[in-house]
Amino acid sequence: MQCPFCGFRESKVVDSRHTDQNTIRRRRECEECKKRFTTYEKIETTPIMVIKKDDTREVFDRDKVKRGIMKACEKRPVSVEDIEKIVSKVEYEINRKYTGEVESNVIGEIVMDSLKDLDEVAYIRFASVYRQFKDINTFVNELKNILTEKGE
């Protein structure tokens, strides 16, 4: 592993831990400059193709999911760690349940279920884009559904 500070190619692992189902976090120390840095090892899986609404297909992109969630959580009290957990959950679920292909609506539903429990405003923001609310009535109906589920 090349040191990001000095470029030396030798480092030692100081600490290792599992961060989620497919990732190992390693804390490393450069043998040359003695600075520490973190690396992540990820289990490589067969790429999953996402079937979009228009029937086109593209490779599942973890970063695309993360960007969508981050946009919904903008200016909300949601940590980067919480966002990363949702993205990892999405990735884990589709790799566990699907081989080859998954419909985009499955990914959207997993994200929305997670956001609903985490932050209702972020959930509504994500749902408004994902479900393509056409008018204010659709938006109000979704809010009513949330209130009904909460028992209010």
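Q: To begin with, is Glu-29 buried or exposed?
A: This is a predicted model. In it, Glu-29 has 13% relative accessibility. Buried means under 20% relative accessible area, so Glu-29 counts as buried.

Q: Which side chain does Glu-29 meet in a salt bridge?
A: The partner of Glu-29 is Arg-36, and the distance from N to O is 3.1 Å.

Q: And how does Arg-36 count by its relative accessibility?
A: Arg-36 counts as partly exposed, because its relative accessibility is 43% and that class lies between the 20% and 50% limits.

Q: How many salt bridges are there in the whole structure?
A: A search of the whole structure gives 17 salt bridges.

Q: Let us turn to helix α2. Where do Glu-81 and Lys-85 lie?
A: Both residues belong to helix α2, which covers residues 80-97. They are four residues apart, about one turn of the helix.

Q: Are Glu-81 and Lys-85 buried or exposed?
A: Both Glu-81 and Lys-85 are exposed.

Q: What about Glu-93 and Arg-96: how many residues apart are they?
A: They are three residues apart in helix α2, again about one turn of the helix. Glu-93 counts as buried because its relative accessibility is 15%, whereas Arg-96 is partly exposed at 48%.

Q: A change of topic: how much space lies in the largest pocket?
A: The largest pocket holds about 650 Å³ of space.

Q: Which residues lie nearest its centre?
A: Of the 21 residues that line the largest pocket, Lys-64, Ser-104, Ile-107, Phe-126 and Tyr-130 lie nearest its centre.

Q: And which element gives the most to that lining?
A: Helix α1 gives the most, with five residues. The elements that each supply at least two lining residues are β5 (57-59), α1 (62-72), α3 (104-118) and α4 (120-130).

Q: Finally, how many nonpolar, polar and charged residues does the lining of the largest pocket have?
A: The lining has ten nonpolar, four polar and seven charged residues.

How values were computed
Residues numbered from 1 in each chain as written. Predicted model: local features only at pLDDT ≥ 70, side-chain atom pairs only at ≥ 80, totals over all residues. Heavy atoms only, no water. 1 Å grid on protein atoms, 1.4 Å probe; cavity = no way out; pocket = protein on both sides within 12 Å on 5 of 7 lines; lining within 4 Å. Points joined across faces, edges and corners; volume = space filled by probe spheres on them. Nonpolar A, V, L, I, M, F, W, Y, C, P; charged D, E, K, R; others polar. Salt bridge = Lys/Arg side-chain N within 4 Å of Asp/Glu carboxyl O. Buried < 20%, exposed > 50% of the residue type's maximum accessible area, 1.4 Å probe, protein only.
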